[in-house]
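Let's work through a few exercises together. Keep the structure open, try each task yourself, and then compare your steps with the solution.

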Amino acid sequence: MKSLHFASLFLLFFLISGSNMLAQEFGAVSQAVSRMSNTGHSVQVWEVLPEHTKKGTYEISIQHAVAGTTGSFYLIAWADTNKDGKPDKEIGRSELKTAATAGQWSSWPFSSIYDRIFVGNTWSQNDEKVYYQNGGTLEGYVGLSNKVFYSRTFNGIPNQSTSPRFTNIKVRVVNGVDVFGAIGQQVSRISNTGHSVQVWEVLPENSKRGTYEISIQHAATGESGSFYLIAWADTNNDGKPDKEIGRSDLKKATAAGQWSSWQFNSDYDRIFVGNTWSQNDEKVYYQNGGTLDGYVGLSNKVFYSRTFNGIPNQSTSPRF
């Protein structure tokens with residue numbers, strides 16, 4: 001990789017139909033696990049079977065066994081990137097989910113470009129209570145493996161496994177998406193760019209009126225790696241972004257490499273997507289020059305501003 005300097009690595013998903021396209025549901029869709037336990041795990045994920053694995057957007061739902069901190073968890077998604085059959089890369093994590101009542105479900109959407117993915121949950125407390133069945137079968141359990149991959153350490157890699165194991169988890173697939181951006185090679189170098197706003201143009205063949213989802217990877221945890229996801233439009237047809245059309249809430253990572261996502265709607269013919277931050281010591285993924293294998297659907301010219309809330313009307317290329 002020809003990395004000299006850097007910017008945020010991101011993916012863009014165009015949701016082809018504007019309304020919600022939640023389709024097939026799988027997992028524990030019939031019989032439910034009734035046993036509550038302290039599993040001894042801190043991370044646990046189950047593989048999505050090949051017939052349900054697609055590049056696009058999913059929604060995970062997991063049931064809380066008890067209310068409050070003891071029953072709280074983060075929903076997570078992992079991928080097998082080295083094709084050894086085990087999860088090795090966390091590709092998304094929700095905010096902390098806490099139930100007001102026992103039996104409540106929490107849900108979280110994430111997007112994936114990977115051929116082999118795993119879904120589940122993680123928690124930092126030592127006295128957790130979750131629905132967990134050790135052995136046996138679960139009637140109507142489909143679409144997920146019954147082998148759990150786990151780690152006994154919070155933020156650990158779930159590379160140990162055992163089976164059969166079950167929890168009350170359901171997964172939905174959101175169909176009809178075009179995925180583009182940095183979908184092949186990834187930017188690896190981390191930098192302070194000197195920008196406070198940066199956006200890339202969505203190329204004409206991918207620019208449609210409708211709903212998009214931006215996903216950008218955090219290079220660092222906490223404040224220094226935090227950002228807002230943004231969308232801009234060119235309203236005067238001069239080829240430059242001149243109007244901000246959307247901004248997410250502030251996104252912060254609890255682990256380096258975590259992804260944050262945000263959806264927005266556009267009625268404009270020419271749009272730009274990226275991120276912005278107010279801190280001066282930001283750390284982002286940013287490549288200055290060269291090429292990036294598998295980079296499609298976005299221009300390699302970055303439009304930027306060195307001022308937070310400024311208009312990104314300066315540009316340079318190639319940047320990734």
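**Exercise 1.** In which loop does N155 lie?

*Solution.* Before we start, two notes on the ground rules. This is a predicted model, where local features need pLDDT of at least 70 and side-chain atom pairs count only at pLDDT 80 or more, while totals for chains, interfaces and linings use all residues. Residues are numbered from 1 along each chain as its sequence is written, and side-chain values use heavy atoms, with hydrogens and water left out.

Step 1: find the strands on either side; a strand is a DSSP run of E with at least two residues, a helix a run of H or I with at least four, and both are numbered from the N terminus. N155 lies in the loop between β13 (144-151) and β14.
Step 2: check the backbone. N155 is not a glycine, yet its phi is positive, about 70°.

**Exercise 2.** Where is K83, and is K83 buried or exposed?

*Solution.* Step 1: K83 has its place in the loop between β6 (74-79) and β7 (89-93).
Step 1: its phi is near 60°, a positive value in a residue other than glycine.
Step 2: a relative accessible area of 66% makes K83 exposed.
For background, most residues other than glycine have a negative phi, and most peptide bonds are trans.

**Exercise 3.** Which peptide bond from S163 is cis?

*Solution.* Step 1: the bond from S163 to P164 is cis, with omega near -10°.
Step 1: P164 sits in the loop between β14 and β15 (165-166).
Step 2: look towards another proline. The bond from S317 to P318 is also cis, with omega near -10°, and P318 lies in the segment after β28 (314-316).

**Exercise 4.** What does T162 contact, leaving aside its neighbours within four places in sequence?

*Solution.* Step 1: locate T162 in strand β14 (residues 160-162).
Step 1: list its partners. Beyond those neighbours, T162 is in contact (heavy atoms within 4.5 Å) with N146, K147, V148 and Y150.
Step 2: compare sequence with space. T162 and F149 are 13 residues apart in sequence and 6.9 Å apart in space, C-alpha to C-alpha.
Step 3: at 24% relative accessibility, T162 counts as partly exposed.

**Exercise 5.** Which residues touch the most other members of the largest nonpolar core?

*Solution.* Step 1: a nonpolar core is a set of buried Ala, Val, Leu, Ile, Met, Phe, Trp, Tyr and Cys residues joined through side-chain atoms within 4.5 Å.
Step 1: in the largest one, with 33 residues, the answer is I60, F110, V119 and L144.
Step 2: zoom in on I60. Not counting residues up to four places away in sequence, its partners include L75, I76, W108, F110, V119 and I169.
Step 3: a second, separate core has 26 residues, including V202, A219, V284 and Y295.

**Exercise 6.** How many helices and strands does the protein chain have?

*Solution.* Step 1: the count is zero helices and 28 strands.
Step 1: the radius of gyration (taken over C-alpha atoms) is 20 Å, close to the 20 Å that the globule rule (2.2 Å times the number of residues to the power 0.38) gives for 320 residues, so the chain is as compact as a globular protein of that length.
Step 2: of the 320 residues, 55% count as buried.

Conventions: Buried < 20%, exposed > 50% of the residue type's maximum accessible area, 1.4 Å probe, protein only.
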